[in-house]
Amino acid sequence: TNSAIEDLSEYNYEDNDNLRTMFSDIWTTAYQTIGYTNNILEQLNDWSQETLPLYNYYKGEMLAIRAMLHFDLVRLYGQPYNEDKSAWGVPNILEPLDAMAQELRATVEQNYKTIVSDLTTAETLLSKSTKKGFVNYWANKALQTRVYLHMENWGAALTAAEDIINNGPYDLYAPNKWVDSWKSRWGSESIFELEMNSGENALSG
């Protein structure tokens, strides 16, 4: 609901039905999607770049999406990396699991190591060409920038950001174009955005 989303954005985590439902939905949907990425990655083990032309792209995108989901989860359910990286974070799910599996939580530091590993592996597989609604090399780099900022690894964050700024196919809006930029999709600043078609008014089933 809108009120629950507003509570989340304001870090108002009081115990109420709306927030309990929202947190449960985020957890369930994120891990369901991580399950999808793991299933695809497992199926890709039977293929290679020689037998499947888009093998590298598929693998790279699944790794980047899995990293993004783990990143969102640990930020929401774990302690900040710079405050207590030894605290419990969220389960690192890196392979398909039985439906009844109950994986234990990893530490925040272990979560971030997994996230960085997935992103750096994906970096070598993804294309630098733009494909609207899909993860490419530059979206991966933007996510790396955010992850490194949360880790306070300023040098790595700057390197990833400068790669996008200096070499990426994106341009900042001119001041007089800013307001109108919200009227259409795929603006010149858009590195990655989800495409929501007519009738798709929710991210969960």
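The model is predicted, so local features need pLDDT of at least 70 and side-chain atom pairs count only at pLDDT 80 or more, while totals for chains, interfaces and linings use all residues. Residues are numbered from 1 along each chain as its sequence is written, and side-chain values use heavy atoms, with hydrogens and water left out.

Histidine 70 belongs to helix H3; helices (H or I, at least four residues) and strands (E, at least two) are DSSP runs, numbered from the N terminus. Its side chain reaches the backbone nitrogen of isoleucine 93 at 3.2 Å. Such a polar contact is a pair of N or O atoms within 3.5 Å; within protein, one must be able to donate a hydrogen and the other to accept it, and residues adjacent in sequence count only if both atoms are side-chain atoms. With neighbours within four places in sequence set aside, the contacts of histidine 70 are Tyr31, Ile34, Val90, Pro91, Asn92, Ile93, Leu94 and Ile115, where contact means heavy atoms within 4.5 Å.

## Overall organisation

The protein chain contains seven helices and zero strands, in the order α-α-α-α-α-α-α along the sequence. Of its 205 residues, 33% are buried. Among contacts with a separation of 6 or more, 51% join residues 24 or more positions apart.

## The nonpolar core

The largest nonpolar core has 38 residues, of which Tyr112, Ile115, Leu119, Leu126, Val147 and Met151 touch the most other members. At least two residues of this core come from each of H2, H3, H5, H6 and H7, and H3 gives the largest share, 11 residues. A core of this kind is a set of buried Ala, Val, Leu, Ile, Met, Phe, Trp, Tyr and Cys residues joined through side-chain atoms within 4.5 Å.

Methionine 151 touches Tyr81, Tyr112 and Val116, when residues up to four places away in sequence are not counted.

The buried residues of H5 are Val108, Asn111, Tyr112, Thr114, Ile115, Val116, Asp118, Leu119 and Ala122. Their cover includes H3, helix H4 (81-84) and H6.

Helix H6 (residues 137-150) reaches 20 Å from its first C-alpha to its last, close to the 20 Å expected for its 14 residues. Because 10 of these 14 residues are buried, H6 is largely enclosed by the rest of the structure. The buried set comprises Tyr137, Trp138, Ala139, Asn140, Lys141, Leu143, Gln144, Thr145, Val147 and Tyr148, and these residues pack against helix H3 (55-77), helix H5 (108-123) and helix H7 (154-167).

Asparagine 136 caps the N-terminal end of H6, with a side-chain oxygen 3.1 Å from the backbone nitrogen of tryptophan 138. Just after H6, glutamate 152 takes a positive phi of about 60°, although it is not a glycine. Most residues other than glycine have a negative phi. Glutamate 152 is placed in the loop between H6 and H7, and its relative accessible area of 38% makes it partly exposed.

## Aromatic pairs and charges over rings

Six aromatic pairs are found in the whole structure. Tryptophan 27 and tyrosine 31 form a tilted one, with 4.9 Å centre to centre and 55° between the planes. Rings of Phe, Tyr and Trp (its six-membered ring) pair if their centres lie within 6.5 Å; planes under 30 degrees apart count as stacked, over 60 as edge-to-face and the rest as tilted. Both residues lie in helix H2 (residues 17-44), four residues apart, about one turn of the helix. An α-helix has 3.6 residues a turn, so residues three or four places apart point the same way. Tryptophan 27 is partly exposed because its relative accessibility is 31%, whereas tyrosine 31, at 14%, counts as buried. Trp27, Tyr31 and Tyr77 make up one aromatic cluster.

Arginine 75 lies over the face of phenylalanine 71, 4.4 Å from the ring centre, and lysine 131 over that of phenylalanine 134, at 4.6 Å. The criterion is NZ of Lys or CZ of Arg within 6 Å of the ring centre and within 35 degrees of the ring normal.

Notes:
Buried < 20%, exposed > 50% of the residue type's maximum accessible area, 1.4 Å probe, protein only. Expected span 1.5 Å × (residues − 1).
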